[in-house]
Amino acid sequence: MIDHITMAVSDLQKSKLFYERAFEPLGYRLSFGKEGAFWAFDVGGSLFEIQHTDDKPPLTRLHVAFRVRSRAEVEAFYRAALEAGAQDNGSPGPRPEYEENYYACFVLDPDGYNIEAMLNEPAPQGGGAGSA
């Protein structure tokens, strides 16, 4: 399942207002964010995020996060992606700046897209980072 998708936008405030209005009839609402950096909308169990960029349109950057079942799967995805030719963009580990129990890795695919494997659950009791 896709957990969230992040799009780069040139005018964060304008895009925030646009999506708030466009999502209203669908029942999608602003969930959280950081003024001047990004906003996340709850779109029925997944997140649609917009993030500020200084790049000029047309914008083609994309970020996709795949929700996995364990920290071991995050680490296995990371190893397999690197072996398949991806570039490291953030090794497996906790990301408390996102949420308390967030654990993820990031790789750049052959086109430079930021692909993430993540889960947001407490660490298993009695296990290390690789515990299932």
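**Close-up views of a predicted model**

**View 1. Helix 1 has a buried side.** L12, S15, K16, Y19 and F23 of helix 1 are buried in this predicted model. Looking down the helix axis, you would find these buried residues within an arc of 105°, so they line one face of helix 1. K14 and R21, on the other side of the helix, are exposed. And what lies over the buried residues? The cover includes strand 1 (2–9), strand 2 (29–34), strand 3 (38–42) and strand 4 (47–52).

View 2. Helix 1 runs over residues 12–23, which is 12 residues. At 1.5 Å a residue, the helix should span 16 Å, and because its end C-alpha atoms are 16 Å apart, the two values agree.

**View 3. K16 is a buried lysine in helix 1.** K16 belongs to helix 1. Why is K16 called buried? Its relative accessible area is 12%, and buried means under 20%. Leaving aside residues up to four places away in sequence, K16 touches L30, W39, F41 and I50. Q51 is 35 residues from K16 in sequence, yet their C-alpha atoms are 9.7 Å apart in space.

**View 4. The largest nonpolar core has 12 residues.** Its members are V64, V68, V74, Y78, A81, A86, Y103, C105, V107, I115, A117 and L119. Helix 2 (71–83), strand 7 (102–108) and strand 8 (114–120) each supply at least two residues of this core. Another core, of 8 residues, lies apart from it, and L12, W39, F41 and I50 are among its members.

How values were computed: Residues numbered from 1 in each chain as written. Predicted model: local features only at pLDDT ≥ 70, side-chain atom pairs only at ≥ 80, totals over all residues. Heavy atoms only, no water. Helix = DSSP H or I, 4+ residues; strand = E, 2+ residues; numbered from the N terminus. Expected span 1.5 Å × (residues − 1). Buried < 20%, exposed > 50% of the residue type's maximum accessible area, 1.4 Å probe, protein only. Arc of directions from axis to C-beta. Contact = heavy atoms within 4.5 Å. Core = buried A, V, L, I, M, F, W, Y, C linked by side-chain atoms within 4.5 Å.
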